[in-house]
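Colleague: I have not worked with this structure before. Could you take me through it step by step?

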Amino acid sequence: MDCNGYHQENHDQNVFPKPKVLVLEPPPVFKYHEDKLSQKFHFLKAWDSPLPLDQFLTTHAQSVQAILSHGTCPVTTSTIRLLPSLGLIVTTSSGLNQIDLQECRRRGVSVAYAGSLFSADVADIAVGLLIDALRKISAGNRYVTQGLWANNGDFSLGSKLGGTKVGIVGLGSIGLEVGKRLEPFGCNILYSSRNRKSSVSYPYYSNVCELAANCEILIICCELNDHTRHLINKEVLLALGKKGLIINVGRGAIIDEQEMVRCLMQGEIAGAGLDVFENEPHVPSELIALDNVVLSPHRAVHTEETLMALVELVIGNLEAFFSNKPLLSPVILDE
Ligand SMILES: O=CC(=O)O
């Protein structure tokens, strides 16, 4: 072991030392595939070191060329600035809000991400949360398992999915997959997005509030950025209305969570299905107590199958970087 608690590689391995990759926090993919990744790369695990982060980064500053990151692991300006040799950040997420992309652009650091790898899985969960909230599947499960059915036999009615107007906020690859799944249920799809999409005939709303006023269900599929933070505010929620349902598989902070909790508690909207939250893994206790809310622990993106594909993508991107080849899934860092 060296002074940071790492196993020294033996002499033979040092002939062709594995490329070093910094990991700030353990990514979910480590839990299942760390062995596979470790066969190829030597991971410098910041969270495992007794050193404070800055000191750890300074210690490895010259040797770190790549970072492996994930959806809830911030890669900040100060981290990037402490690593003069950094050339690549690979994140296992599709979302990029946790990485200081401006600093990457300024410094010429490339970024690789999961792209649309998870879109189908996320869309499945969006539809699952929607049907659950609408038809009260989890609430019904609690009703049965808590013995209430046997005691009084009355359980409130859910609402029909077919014929509803569903507003998709963000018609990127996830939003499109959600639309594809809901059309055969007989839903009428409407959407808002940065731009109108020529590939679909769904009615387009440039204003989210107008979209909310014209639908019964709002599904949040967009990315989190400066324009979408708290995009779903009190005005939008009130426009959605008392029969309205909100589903979020984007990022927690796209919705003003406090306002949503207030609207749910006061019956200003009918219910919610949420995979993401503003301060994960902390979920407001009011949401936990509500029977008309379905909760999921930010797992829409991960299935066993996509994690397998993800690990290959991570390896492919790191190998491409270390052998000066084009990245498999680069993020285009606009000027
Ligand atoms: O939420 C997870 C992701 O952005 O991939």
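Modeller: Let me begin with a term: contact means heavy atoms within 4.5 Å. This is a predicted model, in which local features need pLDDT of at least 70, side-chain atom pairs count only at pLDDT 80 or more, and totals for chains, interfaces and linings use all residues. Residues are numbered from 1 along each chain as its sequence is written, and side-chain values use heavy atoms, with hydrogens and water left out.

Colleague: How many helices and strands does the protein chain have?

Modeller: The protein chain has 14 helices and eleven strands. Helices (H or I, at least four residues) and strands (E, at least two) are DSSP runs, numbered from the N terminus.

Colleague: And what box do the C-alpha atoms fill?

Modeller: Taken along the principal axes, the box is roughly 70 × 50 × 30 Å. Of the 335 residues in the protein chain, 49% are buried. Buried means under 20% relative accessible area, exposed over 50%, and partly exposed in between (1.4 Å probe, protein chains only).

Colleague: What share of the contacts is between residues 24 or more positions apart?

Modeller: Such pairs account for 58% of the contacts in the protein chain with a separation of 6 or more.

Colleague: Let us turn to the ligand. Which residues surround the ligand?

Modeller: The surrounding residues are Ser93, Ser94, Gly95, Phe118, Arg251, His298 and Val301. A residue counts as near a molecule if one of its heavy atoms lies within 4 Å of it.

Colleague: Where do N or O atoms of the side chains of Arg251 and His298 lie relative to the ligand?

Modeller: In Arg251, a side-chain N or O atom is 2.7 Å from an oxygen atom of the ligand. For His298, the corresponding distance from a side-chain N or O atom to a ligand oxygen atom is 2.6 Å. Gly95 contributes a backbone N or O atom, which lies 2.7 Å from an oxygen atom of the ligand. The protein covers 90% of the 200 Å² of accessible area that the ligand has on its own. Accessible areas come from the Shrake-Rupley method with a 1.4 Å probe; for residues, only the protein chains shown count as cover.

Colleague: Is His298 buried or exposed?

Modeller: His298 is buried, because its relative accessible area is 16%. His298 sits in the loop between strand E11 (293–295) and helix H14 (304–322).

Colleague: What does the side chain of His298 make a polar contact with?

Modeller: The partner is the side chain of Glu280, at 2.7 Å. A polar contact is a pair of N or O atoms within 3.5 Å; within protein, one must be able to donate a hydrogen and the other to accept it, and residues adjacent in sequence count only if both atoms are side-chain atoms. Leaving aside neighbours within four places in sequence, His298 is in contact with Arg251, Asp275, Val276 and Glu280.

Colleague: What kind of peptide bond joins Glu280 and Pro281?

Modeller: The bond is cis, with omega about 5°. Pro281 belongs to the loop between strand E10 (271–274) and helix H13 (285–289).

Colleague: A change of topic: which residues of helix H7 are buried?

Modeller: In H7 (residues 137–145), the buried residues are Ala139, Gly140 and Tyr143. Seen down the axis of H7, they fall within an arc of 100°, so they line one face of the helix. The arc is that of the directions from the helix axis to the C-beta atoms. Helix H8 (148–152) is included in what covers them. Just after H7, Gly147 takes a positive phi of about 80°.

Colleague: What is phi in His230 and in Asn324?

Modeller: His230, a residue other than glycine, has a positive phi near 55°. His230 is partly exposed, with a relative accessible area of 31%, and lies in the loop between strand E8 (217–220) and helix H11 (234–240). Asn324 also is a residue other than glycine with a positive phi, near 55°. Asn324 is in the segment after H14 and is exposed, with a relative accessible area of 74%.

Colleague: Finally, which residues does UniProt list for the NAD-binding domain?

Modeller: An unreviewed UniProt entry lists residues 127–300 for "domain: D-isomer specific 2-hydroxyacid dehydrogenase NAD-binding". UniProt positions are given in the numbering used here, feature names are shortened, and annotations may be inferred rather than shown by experiment. In the model, the end C-alpha atoms of residues 127–300 lie 11 Å apart, and the span is 34% helix and 14% strand.
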